[in-house]
Amino acid sequence: MPKISIDAIILENKPLGSDIYQLSVACPEIASCAQPGMFVQLQINREMLLLRRPLSIADLDAAAGTVTFIYRRIGKGTAAMTSLQPQEKINCLGPLGHGFAMTAKNPLLIGGGLGIAPLLFVAHRLAGQADILMGGRCRQEMFWPELFQPYARKIFITTDDGSLGTKGFTIDLLPMLLQQEKYDQIIVCGPEIMMRGVAKIAAAASIPCQVSLEKRMACGLGACLSCSCDTNDGRRVKVCKDGPVFWAQEVL
Ligand SMILES: Cc1cc2nc3c(=O)[nH]c(=O)nc-3n(C[C@H](O)[C@H](O)[C@H](O)COP(=O)(O)OP(=O)(O)OC[C@H]3O[C@@H](n4cnc5c(N)ncnc54)[C@H](O)[C@@H]3O)c2cc1C
Ligand code: FES
């Protein structure tokens, strides 16, 4: 797939929750070819930031030519991103990486924190075919169900403090869900500790599991090696180019 470096026009950059923002851009070139699980390297023309920042594609509308990202303000780059205004230009390099294999008939999507963002695009593509199990710290961070409502079949929620859904973590609820429904695949994105826990439960239940890894990135194109990662069979892969999506048994 061609990697395009192109100026996109910002349409909207609005807060969704505390320190979490939704950025929508007009970028027909990327909207026409990106697949769920791929990401874009955004060049933020603020604060003399040299390196681009990687964000997953949270959704797109190919017909309208728009791409949406959902990001958390973490450091200098994402803080600068919050000040971007409609009609400004932002250079996008993408779509990058390999997306999810969209082969499942009855998948369970599992997301934690901002790892829920790329699953929105997966759920959209699967159009009511997937259930989603999502976890967050508290009710204030769980604006996600509304976004998933049009796309997901069933939505299961956990929060660390029990203020919404089941109290606890996604992996606490997962065994019960696997008893209730015969999922043919699990697709997971979130903190590594959560993905490891999910992968272990999936392996014990003989359910294929795809994970989306996150590493610090510079080029995003497979050239600088800053995102290298060892596989279980002794290969060294680049998360930006060979991933970010892998089968769990390859990398966890
Ligand atoms: C493939 C991929 C997809 C991602 N998708 C999303 C998303 O959809 N929503 C979201 O909120 N965040 C996402 N992230 C994480 C996001 O890229 C970082 O939070 C962001 O780069 C932090 O930049 P900063 O300048 O605010 O933070 P700083 O800590 O100031 O960043 C310093 C440097 O480290 C890099 N860096 C810092 N944290 C990360 C990180 N976790 N991953 C990669 N590089 C990092 C930055 O790019 C920058 O070069 C994704 C990361 C990857 C690798
Ligand atoms: S970020 Fe440069 S090789 Fe992956």
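These are my notebook entries on a predicted model of one protein chain with a ligand.

**Entry 1: the whole chain**

I started with the overall picture. The secondary structure of the protein chain comes to 8 helices and 16 strands. I then looked up the extent of the C-alpha trace, which spans about 50 × 45 × 35 Å along its principal axes. Next came the radius of gyration: the protein chain has 17 Å, and this agrees with the value near 18 Å that a compact globule of 252 residues would have. I also checked burial, and buried residues make up 45% of the 252 residues. For contacts between residues at least 6 apart in sequence, I found that 60% join residues at least 24 apart.

**Entry 2: two domains**

Here I looked at how the chain is divided, and noted domain 1 (4–96) and domain 2 (107–251). Their centres, taken over C-alpha atoms, are separated by 21 Å. How many residues does each domain bring to the contact? I noted 19 residues from domain 1 and 18 residues from domain 2. On the side of domain 1 that touches domain 2, the elements giving two or more residues are β1 (4–17), β3 (39–43), β4, β5 (59–61), β6 and β7 (89–96). I sorted that side of domain 1 by class and got 11 nonpolar, 5 polar and 3 charged residues.

**Entry 3: the core**

I went looking for the largest nonpolar core and found that it has 73 residues. Inside this core, the residues with the most contacts are I57, A123, I186, V198 and V211. Which element gives the largest share of this core? Helix α3 does, with 7 residues. The core lies between domain 1 (4–96) and domain 2 (107–251), because both of them give residues to it.

Leaving out residues up to four places away in sequence, I57 touches A34, M38, F39, V40, V67, F69, P95, P118 and F121.

**Entry 4: helix α3**

P118 and F121 are already in my notes as contacts of I57. Just after α3, I spotted A127 with a positive phi of about 45°.

**Entry 5: around ligand 1**

Now for the ligand. There are 22 residues around ligand 1, and S56, Y71, G75, G77 and T78 come nearest. Two or more residues of this shell are given by each of β4 (53–56), β6 (66–72) and α2 (76–81). I sorted the shell by class too: 12 nonpolar, 4 polar and 6 charged residues. I also asked which domains the shell draws on. At least three of its residues come from each of domain 1 (4–96) and domain 2 (107–251).

**Entry 6: a loop residue**

My last stop was L213, in the loop between β13 (209–212) and β14 (228–230). Why do I call L213 buried? It has 20 other C-beta atoms within 10 Å, and a residue counts as buried at 20 or more. Its contacts, not counting residues up to four places away in sequence, are C229, V239, G243, P244, F246 and V251. I looked at one of these, G243, again: it is 30 residues from L213 along the chain, and the two C-alpha atoms are separated by 7.3 Å.

Conventions. Residues are numbered from 1 along each chain as its sequence is written. Chains are lettered from A and ligands numbered from 1 in the order in which they are written. This is a predicted model: local features need pLDDT of at least 70, side-chain atom pairs count only at pLDDT 80 or more; totals for chains, interfaces and linings use all residues. Helices (H or I, at least four residues) and strands (E, at least two) are DSSP runs, numbered from the N terminus. A residue is near a molecule or strand if its C-beta atom, placed from the backbone, lies within 6 Å of it. Ala, Val, Leu, Ile, Met, Phe, Trp, Tyr, Cys and Pro count as nonpolar, Asp, Glu, Lys and Arg as charged, and the others, Gly among them, as polar. Domain bounds come from an automatic or database domain assignment. The radius of gyration is taken over C-alpha atoms; the globule rule is 2.2 Å times the number of residues to the power 0.38. A residue is buried if 20 or more other C-beta atoms lie within 10 Å of its own, exposed if 12 or fewer, and partly exposed in between; C-beta atoms are placed from the backbone. Two residues are in contact if their C-beta atoms, placed from the backbone, lie within 7 Å. A nonpolar core is a set of buried Ala, Val, Leu, Ile, Met, Phe, Trp, Tyr and Cys residues joined through C-beta atoms within 7 Å.
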